[in-house]
There are 2 protein chains.
Amino acid sequence: MHDNCERVDSIQLEKLLQKVPDPESITRMAAVFQALQSDTRLKILFLLKQKDMCVCELEQVLSVTQSAVSHGLRTLRQLDLVRVRREGKFTIYYIADKHVRTLIEMCLEHVEEKA
Amino acid sequence: MHDNCERVDSIQLEKLLQKVPDPESITRMAAVFQALQSDTRLKILFLLKQKDMCVCELEQVLSVTQSAVSHGLRTLRQLDLVRVRREGKFTIYYIADKHVRTLIEMCLEHVEEKA
DNA sequence: TGAATATATGAACAGCTGTTCATATATTAA
DNA sequence: TTAATATATGAACAGCTGTTCATATATTCA
C-alpha cells in the first residue's frame with residue numbers, strides 16, 4: 001500500500017465518495033447485475049419480455065432441465081426482476097417492471113453498437 | 001426431461017425464440033452484467049460518473065489494493081464500460097458512454113424503489 | 001543515466017455459481 | 001383418494017471470480 005499521488009485531493013474525494021450510493025444499495029445492485037449475468041437467465045428475460053410464460057414453456061424453449069429453469073426463475077424473482085401469478089396448475093412468470101426492460105435493452109444496445 | 005404441458009405451442013415458441021438476441025450478443029451481455037456485479041467495480045463507476053480519475057485516486061477512495069483497482073478497471077475496460085487516456089504519468093479512466101450511466105442509474109432506481 | 005512514481009500483470013487461493021440429479025410439494029382430474 | 005401434471009428445492013460437484021502478493025513495465029524528474 002503506498003501513499004497519495006499528486007493528483008489526490010482527499011477533501012474532494014471524500015465529497016465524491018459521499019455521492020456513491022450507500023453500501024447496502026451497492027450490494028443490492030451487485031446482486032441484480034449478478035442475476036443478469038447468466039446466459040440462461042437473460043434468455044428467460046428476453047422471452048418473458050414478449051409474453052408471460054409458465055415454467056414448462058421456458059423449459060421447452062431453452063435447452064436446460066426444468067430444475068435449471070426453476071432455479072433461474074427463483075433468482076430473478078428474489079430480486080424482483082420477474083413476478084409470479086398462479087393460473088390453475090400453472091405458475092406464470094412475467095417481467096416485473098419497466099426498469100428491467102430498460103436494463104436489458106440498454107445492455108443489448110451497448111453490445112450491438114460494437115459488433 | 002418431460003414433455004410439453006398443455007400451454008406449449010411449439011410454433012409460437014419458435015417465433016418468440018427467434019426474437020431473442022443471438023447467442024453471441026447474449027454472451028456479451030452476460031459479460032457486461034458480470035462486470036457490473038462487483039461492489040468494487042460498481043463503486044468505481046459511481047466515482048467515475050462524477051469525475052475522471054487516475055488509478056491512484058480510486059485506490060485512495062476505495063479501500064482495496066492498487067492491484068485490485070487495476071484488475072477491476074481492466075475488466076471494465078475490456079467491455080468498453082470505461083475508457084482510458086494518458087495524461088503524463090497518469091492513466092485517466094472515464095465512463096465510456098451514456099449506456100453505462102443509464103445502466104447503473106436504472107439499477108439504482110430499481111433497488112431504491114423497494115428499500 | 002538512475003531513482004521514484006504510476007500502473008499493469010501473473011499466480012494462487014478461497015469463496016461463490018449454475019447445472020444436474022433426486023426428490024418434495026402443490027394442483028387438477030379421475 | 002389416487003394418479004398425473006407442474007413446479008420447487010436441496011445436495012453436490014465442476015468451473016469461475018476477486019482479491020492479494022510479488023513483480024514487471026512505463027513515465028517523469030533529478
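Q: How much area do chain A and chain B bury between them?
A: The model is predicted: local features need pLDDT of at least 70 and side-chain atom pairs count only at pLDDT 80 or more, while totals for chains, interfaces and linings use all residues. Residues are numbered from 1 along each chain as its sequence is written, chains are lettered from A and ligands numbered from 1 in the order in which they are written, and side-chain values use heavy atoms, with hydrogens and water left out. Buried area is the accessible area (1.4 Å probe) that two parts lose on being put together, summed over both. Of the area buried between chain A and chain B, 68% is on carbon and sulfur atoms, and the total is about 6100 Å².

Q: Which three residues supply more than any other three of the area that chain A buries against chain B?
A: Contact (heavy atoms within 4.5 Å) involves 67 residues of chain A and 66 residues of chain B. Three residues of chain A supply 12% of the area that this chain buries against chain B, namely A:Arg7, A:Phe33 and A:His99.

Q: Which residue of chain B meets the side chain of A:Arg7 in a salt bridge?
A: A salt bridge requires a side-chain nitrogen of Lys or Arg within 4 Å of a carboxyl oxygen of Asp or Glu. Six are found across the interface of chain A and chain B. For A:Arg7, the N to O distance is 3.8 Å, and the partner is B:Glu87.

Q: Which element gives the most residues to the side of chain A that touches chain B?
A: Helices (H or I, at least four residues) and strands (E, at least two) are DSSP runs, numbered from the N terminus. In chain A, the elements that each supply at least two residues of the side touching chain B include helix H2 (23-35), strand E3 (90-95) and helix H6 (98-113). With 13 residues, the greatest contributor is H6(A).

Q: How many nonpolar residues does the side of chain A that touches chain B have?
A: The nonpolar class holds Ala, Val, Leu, Ile, Met, Phe, Trp, Tyr, Cys and Pro; Asp, Glu, Lys and Arg are charged, and the others, Gly among them, are polar. On this side of chain A there are 14 polar and 19 charged residues, and the nonpolar count is 34.

Q: Which strands of chain B stand at the edges of the sheet?
A: Strands pair if DSSP finds at least two bridges between them. Chain B has an open sheet of three strands with antiparallel pairing, in the order E1-E3-E2. Two strands each have a single partner, so one side of each is left without a neighbour in the sheet: E1(B) and E2(B).

Q: Which residue of E3(A) stands opposite A:Val82?
A: E2(A) and E3(A) pair in the antiparallel sense over six bridges. In one of the pairs between them, A:Arg85 has A:Ile92 as its bridge partner. The residue opposite A:Val82 is A:Ile95.

Q: How many residues apart in sequence are the parts tied together by B:Lys49 and B:Glu105?
A: B:Lys49 and B:Glu105 form a salt bridge, with the closest N and O atoms 3.5 Å apart. B:Lys49 lies in the loop between H3 and E1 of chain B and B:Glu105 in H6(B), so the pair ties together parts whose separation in sequence is 56 residues.
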